[in-house]
Structures are given as C-alpha cells and as structure tokens.
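Thanks for coming. I'll go through a few local features of one structure, starting with the backbone and ending with the helices.

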Amino acid sequence: MAERKPVVALDPHSRRWTMAAAAACVLPLLLQLPSPLGLLIGGSAVAVAALSWRKPLHALVRLLLTLALLAAVIALSGSHFGRDTGCAILAAMLAMKPAETRGVRDARSLLGFALFAPFATFLLDQGPLSLLLGLAGVALALMALLRLTDIESGIRDATKTRARFGAVTRLVLLGLPLALAAFWLFPRLATPLWGVPERTLARTGLSDEMSPGDWIDLMADDTPALRVRFFGTTPPTSQMYWRGPVLSDFDGRTWTRSRRSTGLPPAAVTRANVLWDYQVEIEPTERRQMVALELPIEAPGDSRLGHDHELFSPLPLSSLTRWRMQSSPPETFEADLAGPLQQASLALPAGSNPRTQALAARWRSDAGDDDAAIVRRAMQWIRSEFAYTLSTPLAGRHAADEFLFDQQEGFCEHFSSAFVILMRAAGIPARVVTGYVGGYRNPIGDYWLVRRSDAHAWAEVWLEGRGWVRVDPTAAVAPERIYDTLDDRRPGADSLLGRMLGGDASRLFNATDWLRQSWNQLVLGFDAERQSRMLRPLGIERLDGVRLGLLFGLAAVSALLWMAWLSRRAERQRDPVLRAWHALERRYRRIGLGREPDEPATMWAKRVAQADMGSADDLLRLSQRFSSWRYAGRDDDSARASRQLILSLRRHRPSPPHAASPGNGEHR
Amino acid sequence: MRKRVYGWALTFTRPRDPEPLPVTFDRRRVYVLPTRFGLFYAVLVATMLLGGLNYNNNPALLLALLLGGTGLASLVAAQLQLSGLAVTAIDAEPVPAGQMMLLHVHAKAVDGRVRRGLQVALDPDYEDPALLDLQPGNGQAQLLIPTSQRGWLELPRLRIATCHPLGLARAWSHVWPQTPMLVYPRPETDGPPLPEGSGEDAKARLHPSGEDPHHLRGYRHGDSRRSIAWKPSARHESLLVREYQQPAGADIVLEWHSLGGLPHETRISRLARWVDEAERDGRRYRLTLPAQPAIGPSQSPGHRHDCLRALALMPDG
C-alpha cells in the first residue's frame, strides 16, 4: 500500500511503551490458553521483540517465522478449530507484529489489534483476574496511543507518565456515562446471531456419562459450580441434592443417559407440601445440562424439562446464567413405570458381576416381594462394612463385584454404581443420578456456594406405589464427607494461604467469593431476560425491544448532549463580568446594533444612542462602568462592585426607539 | 480526484473570506472528522460490540462500550483542543520573491487547558506542518511558505489541526488572515556592479583613515574593523568608531530613469540588488523612483527596507 506520508519513526521511549502496552494486553489471553501454547507464543513474542529492537526483521524471515508459529499453534491446539484456536492465532499474530514495527503507523496498528486481545480473553474467561489484567492492558494501550500522537505532531519530549495517565482517565470518565447507559439499555439479543463455538479447553464438570473412578479430577476441583440464594425456607444441607444428569443405561463399565426416555414428556409427579424458592447462578459449562434442587416444579425461562425431570437449557451454558426456580421433594415420582422403561431400568449386561448377581438372587428369595426390605438390607450392609476413600485402584471387568466383595471402600461413583447394579440384579428398577450435594453457606453474602468438588452420584430405586425414591449409599458411609460438615472441606482451608492464616482463611475466602458473586450479580448475569425486567421496581413489568431501544436512544442522546455541553462550556468566557457584557452585546447584535470588534465600549454606546434607542442612556452609563471596571484600577470592594455590575449588565435589555424608557430596562 | 472532492468540500468550511486578526475559534468553525486509525478503531469496537452481544458476554460488551465511549470522548477532547484558541497575530520578515518566508503564527488560549501538538499548515496541501505548542497559554508556530512574486502576498487559508489526544480524530479549524505580507523583489542574480558615487569627494570614501575625523561614536554591530579607532578605544575601554561626515557627492544614486531600455521587472530586480549591495558595503545610497519622492540618501536597515518596499510595491509595468 502506498503511503502518502513518510514514516514517522518511533523513538526508543515510544517503542518501549508500545511494546509494553501490547504485552500487557496479550498477557491475560496467554494465561487463558493451554500452558504449552501460552508459553510458546509468549516466548516467541519476547524473542521477536528483542530481535527486531534495533531494526525490523527481513520480510522473508518474518514470513517464515509467522508460518512456523502458526503451524505450531495449530498443531498444539489439536484438530478441533474453535474459539480457543482463534484466540491462540490472534495472540500469535500479535506476537509477530513487533517484527515489522518501524513507524508510528505500525505502532498504532499493533496497539489497535492488541486492544482486541482483552476482548478475546473475556470470551474465554470472565474471572476477576482476566478482567483486571485486561483493563490494565487497555489503559496502557491508550496511554501509548497518546504518546504516539505526541511524536506524530512533532513533540519530542515525552509527557510525564502521570499526566498521560490523567489524560486517559479523563477520557474514560468522559465516555463512561455513554458506555454505562449503553450497557444497561442497549437491547440484548435473546438468541445469538451465530452459534457459540465450543471451548475446547476441557473443564471437568458433570458429564452425560460416568464410569467408576473417573471423577477424581472433578473431586479435586474447588472452583464454584453454582451459587444459590434461597428466598424463604432453606432446606437442610442433607436435603440439598442438586439433580443433574440421570443415567440409566449401563454397558458393564460406563453409565450413560437413557436413550429410551428422550423425547418423552416429563413423568407424572405428586409433590410434598414443601416449596423451595431459590435462584441459581450456574457457572459456564458449555453444556446444556442444568441442575436443580430435587424436582423443579416447572422449567424456568426457556429451559426444558426432560422425562426424568432433568433440566436443559436451549443453548450451551457458555456464560454465567441465572435461573429462578421453585422445587419441592416428590411424594410420588412416576408411580406408573411404563413397561419398556421398566425393562430399561432393570437391564444388566449378560454375565457381568456374577457374585453380585448371586447375592441379589439370595436376597430376593429371602425378602420375597418386599423391595423396600432389600434396599434396607443393602444400606445396612454398606453402612456397617464399607468405608469412604478417594484412593481406589482402577476397576477390573466386574467392577461391582470387586467393590462389594474385595475392596469395600471407594467414593460416590463406586457406591452408587455398585448399589444400582445390586438392585437391578435383585429385580428392582434402579438408576444412577449425578449432580451436586450440599453446599457451603457464605455468611457475608448469605448465599450457598456449590463447588465442582461437591459433585456427587447417588441412586434412585423404583418402589411400588412411591415411584422413584432417592437412596444415597455414600451418605450412609460418609455423610460428613459429602455434606460439607468437615472443617477441612471449608473452602480455602486447604490452600497454602489457608494453612498460613489458619481459621481466617475461610473468612478471606468468603469475602472474595462474595465480591465475585456481587460482580456476577451486577454484570455477568445481565442478559435479555434480566434487562427486560430491569424497571420492575419502578412499576414497569416488562420492557419490550422497542421501548428499550427508545430508552437507550434517550440515554445515548443525553450522554452525547452532556459531552457537547462540556465542549461548549469550555469555550465560555471565564470572567463573569465579561460574560455578562458579551451577552448584552449579543442582545444588541440581534437587532443589528452589534458592537464592531474594534469599537470601544463607550463609542459603541454613543452609536446606539444615535440610532435613537430608548435604552441608550442606560447603556452609556453601563459601558462607562464597564470600561472603568475593565481598565481602571480596581478598588478594594471590587468583588461587590463587579457583582453589582454583573447584575446591571444582565438586567439591561435594548428597548425600541421612542419607547417609554424606564431607565434600566427592567421590563422584559 | 479525491483531492478535488476534498477541496470542493472545503469551500463550505468557515471562514470563506479573509478576516482580521485576532480570531478566536468557537465551535462553529472547529471541524472534527475521524482519522484513518479512528475508522479502524470504530470497526474494532463495532466487532467487539457484535461479539459481546452475540455471546451475551458482559465483560466483553463492557470493554467494547468503554472503548467506544472513550473514542467519542476523544472526539470531544480533540475539539476542545481547538475551541477557545485565539490566533492573535501573524508576522514575517520580508524576503525576496522566490525564497521561503518564515511566518510566525502567534496564538494564545486564555483558559487553563493544556493544548498539545497543534499543527499549522497551509490549507490546500498540508505539507510540512509546523508545531504550535502552547503549554502555558501562549505559543507560536513558525511556518515556511513559498513566495513567488514581489508585492503584497495575500496569505492563504491556514489550517490549525490536531489529532490529540488519541489520534482517533482530527480536529481542525481554518484561519484566513487579512494581513498581507510584504515580499521584496527578486534581486538580479548577476549584472553590472554598483554604480560609483559621483563628484570629486567620491574618493574620500575610499580612505576611511583619512585626516578629518568628525567625531567618535560607540561600536555598532556591523561596523567595519578598519573604522575602529583603536587608540581612543584603549583609553575608553570600549570600542569606538570613527565616523566621517560623508560628502553628499559620495552617495550612490540609484536612479530608475538611468536604467532606460531595460524591461520593467529587470529594472526593479537590478535596483533591488544594488540596494542590497550598497547596504552590504556600508555605503549611503539614494533611490529615486518615478512618481514618488526620492528615498534617502541614508544607510541603515530601515532605509534598506524603505527602498525595497518601494520597489516591491512598484506598479506592474
């Protein structure tokens, strides 16, 4: 591209600023990328910047380096091309850009593209650290832009960093009203224009399948999964079963969601006389599966209830979402189990777990028709003989056999899986339910925090007359483990900082998590739904798109007017006496008797008198007072005198020829 | 083509006629348009906005809006850089036609706002803008403008522009000073030497160390070393110069009519060169032009200016 102007070269100071600002913008993005990728890109950025510090790299070298880096990025991020790969490529391009940065133009475009990096970061992560780093990067980039403008206009000496920071802060503050108005009022899209690309960075969470032993990662992940606020009654911790995927198909090793029940309407339920009213904030999972306490009464918003009363959101939960729900425990749950569903809930692969099958057959013959007795017997056995541990060997071919008869210790996956197999072998329909159990109450914000490590699996058995009944064999063994009653299960206690601070760690954690929750409340969970209900406190039940648009337009226009007012005000005469004098002149200009720029005040007044103006005498007096105020020495009480002068100047109005002249023109 | 359209559009901007100084820029004559980088920035923000809306990603949206708001604020700030600025005066030392004239543009801004990096340039081409930095409220820019003809140079429109603070928008304002600048005639490059003074006292001029010193005076910059009276100087501990009363006959007479036969402009050029040479040599000279009283005889920068000015303002032949 032909350049019109010669390249304005960067001085070392500006180059340092540009590079530092670009680096600060890219840093949060690099932190979000998988670490090998982040290290590779960060390393090449540093190398390229160092190599090209004195003079730009040769074009061929640049091309080869870029191609190599892109190839490495694509190789490292795998075959799946998604948002992550896109972000990595952006970071890589930014890392290569310093190689050709010679002039102000290059530096500008580098900074412009670098401003995109925090945006990309927010698509991957909306946590406070990313946010803080991103905003710091943006501030630095704006300051660097300021410096570039300086050298482009020929200023050699750099402005002081503090002055530059002040200038940028002023600009941001000036733009803030518009930005905030737009943020709250700009109509949101209820459904996106294009799909959300899957985040390939795997985050352990509830999945649609479970095979015993594979949840170890999840149990160690202390990050939040849900935050729940109850309105009215709060259930006891032992009742807080957050139902997620219901798994009823078993292939001998892995439990998966039932294919048979998909598409069926929700099963019939009669409810107990207890109602829990609560709001759940679900951290992004990139899945459509939601969780709810026990059985939700209806699907909130545009979510959907499955046959097993699982909740599905219409779209993958790619950002923090918030749902208001009501739930109650069931009295009966699918009391009539249809034949094919019953078959499916009894199915076991042929020949698997022979010892369990034999035991189940023995129990069945002991108990006769009483299904509940078999369940009780199993629970008693588990309570007395089994232990809870997270360190278990990998299961073999007959996992339930090994668990029930050899190891007799494990965690929720082993307990629930083996229990359900035992029940099915005894002819009782049973299935595995996964989700979260319990929660930790944050006293500062009065909400419940459910972490990923609270993931749990339990069982449901189908009993005649009652339908599906929850049975939790793990809770029989280690209630303290799953209900968060142990001190060392308190958040933060396990971390290095927690050990140093002792008991204060959880308080610190409470405070930080509360801050995070408030941020979520204020900003992250703000969507089309909440926006439309924004003015509910003012009595407006629902804002539709048009009204929202109008409101936004109003706010935007007033913000712009405010800016315009600022720019008008800036050119206003500072001296109030002069201002009043100029206003008076303007009044005369309107009737064609304006003062010429080179005309002294008294001369002008005389000219007005010649034009036979009624107010001429008063104007003459005023202009003499004004002249002596302006040019003669000011005496002691000039403050009072000038106040009076201002008052008289403001009062004066030109009155038409031959009008009855009341002296100082007090008529209006 | 692009330049033509732009020039056509500029005819609508204020001011449309030359105006007396001082001129204060108010918002009616400050224009703001995004720069190329500003357009790029707008596209960037729009992309972020769309992405943030689509993914309902509030931090991304907030970032985009914050950047957008800052961009708009920088438009206002760019306008504020110029609004309230006053161009108080423009002056320049006259130069011979064909040389670049150094224009001093004086500006001031009464309020306390910092105005940085204002650039002054000639309106149509904007080449080589001069920096006008007025941090404490007053400032001046030094701008070179080409001259081609002797006489009054009507100044073109000047553009005072700034891309501050972020380089996203350029705010500019035009000032079209009514003050014409004087351009001296172009001196002849080579031609006959300076005519000698007439009369018998002419030779006296050649012996500055002659016998009749009239009086002594203090040394002035530009006095010849030979005229310094070293002995009296030593007594007075400051340099003294002998000044001779020069006989009128030794004066050089630069006569318009004596150059008959030459074309009009050549006469002016030759006289202009002679004025310069006489001044350089430290000789008294007198210039007579048609239809006006003779100038001089005298010898001083002021006299030279009077002569050259008269020559510059000679009506076209």
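A:Glu334 sits in the loop that runs between strand 13 (330-333) and helix 10 (339-346) of chain A. Before going further: this is a predicted model.

For context, most residues other than glycine have a negative phi, and most peptide bonds are trans. Is A:Glu334 buried or exposed? Its relative accessible area is 5%, and the cut-off for buried is under 20%, so A:Glu334 is buried.

Where is A:Glu294 found? In the loop between strand 8 (292-293) and strand 9 (295-296) of chain A. A:Glu294 has 9% relative accessibility and therefore counts as buried.

Chain B has an entry of another kind. The peptide bond from B:His164 to B:Pro165 is cis, and its omega is near 0°. B:Pro165 belongs to the loop between strand 10 (158-162) and strand 11 (169-175) of chain B.

Now to the annotation on chain A. An unreviewed UniProt entry gives "transmembrane region" for residues 59-82, 103-123, 129-146, 167-186 and 546-566 of chain A. I checked two of those spans against the model. Residues 129-146 of chain A are 100% helix and 0% strand, with the end C-alpha atoms 26 Å apart. Residues 546-566 of chain A are likewise 100% helix and 0% strand, and there the end C-alpha atoms lie 30 Å apart.

Last item, a helix pair. Helix 21 (residues 576-590) and helix 22 (residues 601-610), both of chain A, have axes that come within 13 Å and cross at roughly 30°.

Which residues make the contact? From helix 21 of chain A, they are A:Trp581, A:Leu584, A:Glu585 and A:Tyr588. Helix 22 of chain A contributes A:Ala601, A:Trp604 and A:Val608. By type, the residues of this contact split into six nonpolar, no polar and one charged.

That's the list. I'll take questions now.

Notes
Residues are numbered from 1 along each chain as its sequence is written. Chains are lettered from A and ligands numbered from 1 in the order in which they are written. This is a predicted model: local features need pLDDT of at least 70, side-chain atom pairs count only at pLDDT 80 or more; totals for chains, interfaces and linings use all residues. Side-chain values use heavy atoms; hydrogens and water are left out. Axes are lines fitted to C-alpha atoms, for helices over the stretch in contact, and angles run from 0 to 180 degrees between N-to-C directions. Helices (H or I, at least four residues) and strands (E, at least two) are DSSP runs, numbered from the N terminus. Contact means heavy atoms within 4.5 Å. Ala, Val, Leu, Ile, Met, Phe, Trp, Tyr, Cys and Pro count as nonpolar, Asp, Glu, Lys and Arg as charged, and the others, Gly among them, as polar. UniProt positions are given in the numbering used here, feature names are shortened, and annotations may be inferred rather than shown by experiment. Buried means under 20% relative accessible area, exposed over 50%, partly exposed in between (1.4 Å probe, protein chains only).
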